[in-house]
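Please open the structure in the viewer and keep the selection panel at hand.

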Amino acid sequence: MSNKTFIPAGETSPASQIGATLEALAGTIAARREAGEESYTHRLLTASPDDLLKKLMEESGEVALAAKDVESWATSSLAAALAFEDGRGNDVELEELAVELPPEYSEAVDHLRYEAADVVYHLLVVLARYGVGLDEFAAELNNRMTAAERPQGAVRLDENQVKRGK
């Protein structure tokens with residue numbers, strides 16, 4: 001934990017699968033800083049910052065496009081189902097429909113997950129490049145939640161470290 005963050009007294013840190021995964025990935029990224037030019041992560045950490053930042057922007061755009069594909073499949077399938085009649089000329093109510101989404105919908109969701117993982121990976125590389133650890137990043141996110149929303153024992157930013165914008 002950095003000197004910029006804290007967990008309130010009497011609270012314990014929550015256990016989390018995503019937390020363990022992000023910690024392992026952050027460790028891998030840190031280890032690859034010294035891996036040499038054969039490592040893609042090493043090159044992102046040591047080359048021009050523009051290369052890394054362009055890659056993050058590219059991956060973010062791919063997430064947006066993948067999400068639009070998911071939305072397209074979902075709405076086109078629902079529209080087709082809503083246009084269906086029950087065979088007697090009666091429009092079928094939405095509640096009566098057992099809308100079955102096509103396999104392409106599931107494939108689009110899988111692609112969205114894949115692209116989202118690319119964004120998270122590249123974001124973690126950006127944070128590592130500039131010395132922002134996972135606890136500090138988590139504290140930033142936790143500080144944006146109300147006390148009722150924030151998990152028990154969640155790390156927070158020290159008040160002197162809270163900065164909104166520039």
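Display the surface of the whole protein: in this predicted model, the accessible surface comes to about 11100 Å². Carbon and sulfur atoms account for 56% of that surface. Of the 166 residues in the protein, 25% are buried.

The protein has 5 helices and 2 strands. Followed from the N terminus, the elements run in the order β-α-α-α-α-α-β. Consider also how the chain meets itself: among contacts between residues at least 6 apart in sequence, 68% join residues at least 24 apart.

**First stop: L56**

Select L56, which is found in helix 3, residues 49-83. Is L56 buried or exposed? With a relative accessibility of 15%, L56 counts as buried, because the term applies to residues under 20%. L56 and V119 are 63 residues apart in sequence, yet their C-alpha atoms are 6.3 Å apart in space. Which residues are in contact with L56, if neighbours within four places in sequence are left aside? They are V119, H122, L123 and V126.

**Second stop: N142**

Move to N142, which is found in helix 5. The relative accessible area of N142 is 8%, so this residue is buried as well. Leaving aside neighbours within four places in sequence, N142 is in contact with R150, P151, A154 and V155. A distance may be drawn from N142 to L157: the two residues are 15 apart in sequence, and 8.2 Å separate their C-alpha atoms.

Select R156, which lies in strand 2, residues 156-157. R156 counts as buried because its relative accessibility is 16%. Show the side chain of R156 together with A154. A polar atom of that side chain lies 3.4 Å from the backbone oxygen of A154. Then display the residues that R156 touches, not counting those up to four places away in sequence. Among them are K4, T5, F6, P8 and E11, as well as A139, N143 and R150.

Rolling a probe the size of a water molecule over the atoms shows where empty space is left. To locate the largest pocket, select S16, G19, E23, L134 and A138, which lie nearest its centre among the 25 lining residues. Colour helix 1 (17-32), helix 4 (103-129) and helix 5 (134-143), the elements that give two or more residues each to this lining. Which element provides the largest share of the lining? Helix 5 does, with 6 residues. The volume of the largest pocket is about 680 Å³. Colouring its lining by class gives 18 nonpolar, 5 polar and 2 charged residues.

**Last stop: the second largest pocket**

Finally, select K4, L127, V132, E136, F137, E140, L157, Q161 and K163, which line the second largest pocket. This pocket has a volume of about 170 Å³. Here too the largest share of the lining comes from helix 5, with 3 residues.

Methods
Residues numbered from 1 in each chain as written. Predicted model: local features only at pLDDT ≥ 70, side-chain atom pairs only at ≥ 80, totals over all residues. Heavy atoms only, no water. 1 Å grid on protein atoms, 1.4 Å probe; cavity = no way out; pocket = protein on both sides within 12 Å on 5 of 7 lines; lining within 4 Å. Points joined across faces, edges and corners; volume = space filled by probe spheres on them. Helix = DSSP H or I, 4+ residues; strand = E, 2+ residues; numbered from the N terminus. Nonpolar A, V, L, I, M, F, W, Y, C, P; charged D, E, K, R; others polar. Buried < 20%, exposed > 50% of the residue type's maximum accessible area, 1.4 Å probe, protein only. Polar contact = N/O pair within 3.5 Å; in protein donor to acceptor, adjacent residues only side chain to side chain. Contact = heavy atoms within 4.5 Å. Areas by Shrake-Rupley, 256 points an atom, 1.4 Å probe, with all protein chains shown as cover.
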